[in-house]
Amino acid sequence: MKPFSNNGFEKQMTLHWNILSRCTNLFIILNISMFFLTGMVINNGYYYTCYSLGLLLLIEVGLLMPLGLLNRLWFYLTFLAVELLALYFLVASIWYWVVNNRGV
């Protein structure tokens, strides 16, 4: 039995990291434009958007730091899990926004 190898990931790692980086940038812009520019975070004290933005900024810092781990599958999956957690907070924020602004 051959040991597990991540050769498939190493061949396409540039594509995976580019997609993750672009999605992170899109989610950051979406977060800022939907919640911070409208004043919802400041006026209503809703902090899930801050959590989402903090996690997304953590991903961006991790992508910019030259750690030499970009070709490791576990490193990518860790960042992908953090991205999904940030996406959860973003979707929860949008859901909260839709439910509470019904009567406005």
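Trp17 is buried, with a relative accessible area of 8%, where buried stands for under 20%, exposed for over 50% and partly exposed for the range in between (1.4 Å probe, protein chains only). Phe79 also counts as buried, at 11% relative accessibility. The model is a predicted one, in which local features need pLDDT of at least 70 and side-chain atom pairs count only at pLDDT 80 or more, while totals for chains, interfaces and linings use all residues. Residues are numbered from 1 along each chain as its sequence is written, and side-chain values use heavy atoms, leaving out hydrogens and water.

A search of the whole structure gives 9 aromatic pairs; rings of Phe, Tyr and Trp (its six-membered ring) pair if their centres lie within 6.5 Å, and planes under 30 degrees apart count as stacked, over 60 as edge-to-face and the rest as tilted. Trp17 and Phe79 form an edge-to-face pair, because their ring centres are 5.9 Å apart and their planes stand at 70 degrees. Trp17 belongs to helix α2 (residues 13–36) and Phe79 to helix α5, so this pair ties together parts that are 62 residues apart in sequence. Tyr88 and Phe89 make a tilted pair, at 5.6 Å centre to centre with 55 degrees between the planes. Phe89 is buried, at 14% relative accessibility. Ring pairs also join Trp17, Trp74, Phe75, Tyr76 and Phe79 into a cluster.

Turning to the surface, Tyr47, Tyr48, Tyr51, Leu85 and Tyr88 form a nonpolar patch with about 540 Å² of accessible area together. Residues of such a patch have over 30% relative accessible area and no salt bridge, and nonpolar side chains (Val, Leu, Ile, Met, Phe, Trp, Tyr) are joined within 5 Å; a salt bridge is a side-chain nitrogen of Lys or Arg within 4 Å of a carboxyl oxygen of Asp or Glu. Helices α4 (48–64) and α5 (73–100) each supply at least two residues of the patch. Tyr51, found in α4, is partly exposed at 46% relative accessible area.

The chain as a whole has 5 helices and 0 strands, these being DSSP runs (H or I, at least four residues, for helices; E, at least two, for strands) numbered from the N terminus. Of its 104 residues, 31% count as buried. The mean pLDDT, the predictor's confidence in each residue from 0 to 100, is 83 for the chain, and 86% of the residues reach 70 or more. Among the elements, α4 has the highest mean pLDDT (91) and helix α3 (residues 40–44) the lowest (68).

How values were computed: Patch = residues over 30% accessible without salt bridge, like charges linked within 9 Å, V, L, I, M, F, W, Y side chains within 5 Å. Areas by Shrake-Rupley, 256 points an atom, 1.4 Å probe, with all protein chains shown as cover.
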